Amino acid sequence: MTDSDQLGTLRLVSGAGGAAVGPLVVRADTDRVLIGRSHEAGWQLPDPQVSRRHAVLYVVGRAMMLRDLNSRHGTVVNGSPLAAGGETPLKPGDTVQLGNCRCTMERRAGVSPAQTIADDPSSVTVVSRASVGGLARVRLDALIGCATRLARAGTREEAASLLLASLATLPECARASVYRPLGADEYELVAAADGLGTPTPSRSLLHEASAGKLVQLVVDGTLDDRSHSLIQMRVQSAVCVPIRVAGQTDCLLYVDTRDGERPIDADAIGFCDAVAAIAGLAIERILSEEMADRRRQIELDLRSARDAQRMLFPAPQGRSGDLGYVFESIPGRYVGGDLFDLFPLDHGCTGFFLGDAVGKGAGAGVLMVATQTLLRNHLESGRSLGQALTLTNRGLAVRSQAGKFVTLIAGIWNPADRALELVDAGHGMALFNRGSGFERIVVSGDIPLGISDATEYTAESLRVESSCRLVLCSDGVGEQPDLGGEQFGPEGTEGALRGSDSPESDVRRIVQAVRDHAGTDFSDDLTVASISMG
């Protein structure tokens, strides 16, 4: 596993009663991680406001997804509450509130904490905002300029830089920097004033301000050894102001002065507090707009993938000669690439296939369209089933990106010979009913389509003496999780079919059983087809 496979790290910043909770490192191969108070949770947060099964984090392609599991106290991302059972993509820099636990999603597992000065916490005093004096005209002008600049900010980092540019207009505030708390007294430098170099803030000030306090530090020669570094660096005064977003501390504005510089007075502290408030509003707006953009992008992906599916799917039920079918396809939250088709071939035969393109959204939809088009064209041109799969695989393998493939089962029904040919390309789920109940059948085949262009597929022929039904399901049936992450599985499919007596019943029973199991909207596309051979 390389660094490029690491997508982010979810860190606890506050909450959980101060318990030591290690970070959750999310990689490209992360499956599903249950988050909650339960001992079953993959990331346990021992806080009474965190539900036992609060949320689940999983990876789709290289996107990190967070889904609320109908938690009692809710899940909030960047100040925007998720609907009960709702979900959203996560990106580095996001803030996640799970009940009383505040977390951040960072870019890497090992953060480089800001270089801080060890000093005496007793020298830090909390400043009453009521005691801060009024602003002089120059500070008022700077405040108006700050508001104007921050109205144009597009990212948290840009907002921090514009904030520092506004502070630079005041001599006593020129030595400023912005930090983001990461938890356990670790702070990430977001921005620093021009020419400041590597800032060295007071650790005690950052710690107190992280709790939402406006704090000030005045250095004199009476401080103990822990403040020796402050004295050595000739720091004479410092102030740290929380930048709050949606009522929570998002970043910290830190300003200090050295020997020969104008000290930070009450008016300067008031100015810092005011610009920090403006910056908090700007960051809240930025995060809100970003969340809205993500939702719009998701909707576009959903619409594109669903349009592709609707265009290529046959009617929900129909016939081709003595072969009839019923099928249903239900899109998940993030549409994948389910494909199903059934169509007449020469000499009274009928071809069909059902499969699932890996991934979600428009990318999977494109792969699904390519597979369906290639395979149907090869079958309609008179190729044998094995040849059609081999050529389709070859066409996909030379064009698909690494890690993109299609699991699929395909067949040809020849009523004259009462022969059913089948090929399984890594799908592995087919149930056959010859009149005495359903049983799983193992079909010849090979690896999924699109992985290796050297793969040759061979069909297996089954003799069908009397009327029978073949039930095929996409991966979204067996792999559909419940709220705790347990999959529906092949046993669930077999159980749903017990006592079923028609293709309509087959499809209805499976869909309802998966719906009852999931307990919410489907996380993946679900496609079920029942094919009857007379």
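Helices (H or I, at least four residues) and strands (E, at least two) are DSSP runs, numbered from the N terminus. Counted in this way, the chain has 10 helices and 29 strands, and Leu140 has its place in helix α1, which covers residues 137-150. This is a predicted model, in which local features need pLDDT of at least 70 and side-chain atom pairs count only at pLDDT 80 or more, while totals for chains, interfaces and linings use all residues. Residues are numbered from 1 along each chain as its sequence is written, and side-chain values use heavy atoms, with hydrogens and water left out.

Of the 534 residues in the chain, 53% are buried, where buried means under 20% relative accessible area, exposed over 50%, and partly exposed in between (1.4 Å probe, protein chains only). Because its relative accessibility is 33%, Leu140 counts as partly exposed. The C-alpha atoms of Leu140 and Phe271 are 8.3 Å apart in space, although 131 residues separate the two in sequence. For the chain, among contacts (heavy atoms within 4.5 Å) between residues at least 6 apart in sequence, 64% join residues at least 24 apart.

We turn next to a sheet. Six strands form an open sheet in the order β12-β15-β16-β17-β13-β14, with antiparallel pairing; two strands pair if DSSP finds at least two bridges between them. The edges are held by β12 (124-126) and β14 (186-192), each of which has a single partner strand, so one side of each is left without a neighbour in the sheet. From one strand to the next the twist averages 25°. Strand β13 (residues 176-183) runs antiparallel to β14 and is joined to it by 6 bridges, and Val178 has Ala191 in β14 as its bridge partner.

Helix α2 (residues 156-167) packs on this sheet, touching β13, β14, β16 (235-245) and β17 (248-258), and its direction makes about 145° with that of β13. Angles run from 0 to 180 degrees between N-to-C directions, and axes are lines fitted to C-alpha atoms, for helices over the stretch in contact. Helix α3 (residues 203-210) lies across β12, β13, β14, β15 (215-218), β16 and β17, running at about 150° to β17.

A pair of helices remains to be described. The axes of α9 (residues 489-497) and α10 (residues 503-518) come within 8 Å and cross at roughly 130°. That angle makes α9 oblique to α10, since angles under 35 degrees count as roughly parallel, over 145 as roughly antiparallel, 65 to 115 as roughly perpendicular and the rest as oblique. Where the two helices meet, Thr493, Ala496 and Leu497 in α9 touch Asp506, Arg509, Ile510 and Ala513 in α10.
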